[in-house]
Amino acid sequence: MLAVDLAGETIRALNGSMVAYDGQMAFKRQGMTGGEGLRGALKRRIAGEGMTLMEVTGQGTVFLASEATEVTLVQLNGDTLFVESESLLALDGDLKTGVHFVGLRGMGTGQGLATTKVEGHGVAAILSHGPAIGLEVTPQTPLCVDPHAYVGHLGQLQQDVVTDVNWRTVLGQGSGESVQFRYQGHGLVYVQPAEREGILEI
Amino acid sequence: MRTPTFNATTLPSNDNVNAYSFSVDLNGQWFAQKGKMIAYYGQIRFEALSAGPLDALVAANFHSPLYAHDWIVAQGQGKLVLADRGFDVNSFDLDQGNLTIRAGNLLAFEPGLELKQSIIPGFLTLIGTGRFVAASNGPVHFVEPPIRVDPQALLGWADCPSPCHHYDHSYMRGALGMARMITGLGGSSGEEHQFDFTGQGTVLMQSSEAVMNEDVLLRDLEGQIGMVGVGGLQRLQQTITQRLTAERQG
């Protein structure tokens, strides 16, 4: 659960995530374009990266939660955070969102071809099944992550898919870890201690 | 609240990262259950147990054809982070000991340990010296026999003889009368069946009744169907049909 103190500012939060508030709050569903402009909305529609946010404005404290999952706060100082739209709980009003095409990456995990990017200065709250941990990536220590445990990433990272598919995988005797994301560069990757269900089990 | 952040050197070595994940400092080989790896640094490869070069290792340490399909060997050098469905994760050390654990809850173990199938369906026994990692839904509780444990809350046991089944008298009567079973009337408390532990040792329990899935139990049952003749199969079919009808009405 996330408590946000507001003093006249505006934040954006997942539609329907408010569980309680005190003070004066106004909730407004964002229009068709979700604050990303007509072009952004179109891109989102094409990408199938659905996301419905509402605007919360007022004085007081608002409590946000979604399905009893854990909340991780990410401070952005002009960096870009990449996260699945379904993992986004709330954003500072100043943060901009957009769609980022990732290509093949999302295929195996049933998350589609695109991911949501958040940029600007402020705090973003992301959801994870179990408390997320951040794992640093440096050029000397690249990191591999199970696609099902991936939550989001931050910084100058290059992402590629490592496959270890061989004839045994085809026979159904694979190692169960045949597909991984590998991150190289400088940045931080958030992982959760649980594996979400994918469409494709590899 | 800041998210704990680690890198390749600050990740704990063979210890918990937090209550829900465990970091293995891999230098050689570990057995791991499929799909429990969430991230790793370094050069690590994952091989199915059927991989040729692993023959000697598997022959020496893995004696469970029923579960071989669920296990892999991680080999190489680096830090390997394991987690399971957001469950609590703990590591235990065995020193010339033996411990039996629910198959779905065992995440990984060192090759110093030998894995065997327990007589109780759905459980695996580890024998030898080394470390293993296991998951539980909620913290683990250690209790001493004599004790009766709900089968779903049982995580495993160490050093004591295998348990036996215990049924309450009222359940027995129901089973004998059959009327209750067939009609489904009268219901049950869901607590008529326990595992009964006696002797010296330790029993491990989890504080919830959530278990992996029925898959393991099903596979066990399927494995035994081969021993049943045509008459037995027909009877099984009848029982299943009755149960399904009762479920639909309920």
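Before you click anything, one definition: helices (H or I, at least four residues) and strands (E, at least two) are DSSP runs, numbered from the N terminus. What you have open is a predicted model, in which local features need pLDDT of at least 70 and side-chain atom pairs count only at pLDDT 80 or more, while totals for chains, interfaces and linings use all residues. Residues are numbered from 1 along each chain as its sequence is written, chains are lettered from A and ligands numbered from 1 in the order in which they are written, and side-chain values use heavy atoms, with hydrogens and water left out.

**Stop 1: where the chains meet**

Color chain A and chain B separately, then look at the place where they touch. Contact here means heavy atoms within 4.5 Å, and 33 residues from chain A and 34 residues from chain B take part. Some 2700 Å² is buried between the two chains, with carbon and sulfur atoms giving 55% of that. Buried area is the accessible area (1.4 Å probe) that two parts lose on being put together, summed over both.

For salt bridges (a side-chain nitrogen of Lys or Arg within 4 Å of a carboxyl oxygen of Asp or Glu), the count between chain A and chain B is zero.

Next, select β4 (70-83), β8 (133-137), β9 (143-145) and β11 (179-191) of chain A: each supplies at least two residues of the side that touches chain B.

**Stop 2: strands that pair across the chains**

Is β4(B) mostly buried or exposed? Nine of its 12 residues are buried, so β4(B) is largely enclosed by the rest of the structure. Here buried means under 20% relative accessible area, exposed over 50%, and partly exposed in between (1.4 Å probe, protein chains only).

From β4(B), step over to β6 of chain B, residues 71-83. β4(B) and β6(B) pair in the antiparallel sense over 11 bridges, and Y41(B) has K79(B) as its bridge partner.

**Stop 3: loops of chain B**

Go to P146(B), in the loop between β11 (140-143) and β12 (147-149). The peptide bond from P145(B) to P146(B) is cis, with omega near 0°.

Then pick A153(B), in the loop between β12 and β13. A153(B) is buried, at 8% relative accessible area. Beyond its neighbours within four places in sequence, A153(B) is in contact with L204(B), M205(B), Q206(B) and S208(B).

Finish with two positive phi angles. N14(B), in the loop between β1 (5-6) and β2 (15-18), has phi near 50° though not a glycine; N14(B) is partly exposed at 22%. D159(B), between β13 (154-158) and β14 (164-167), has phi of about 65° and is exposed at 51%.

Key. Pairing = 2+ DSSP bridges.
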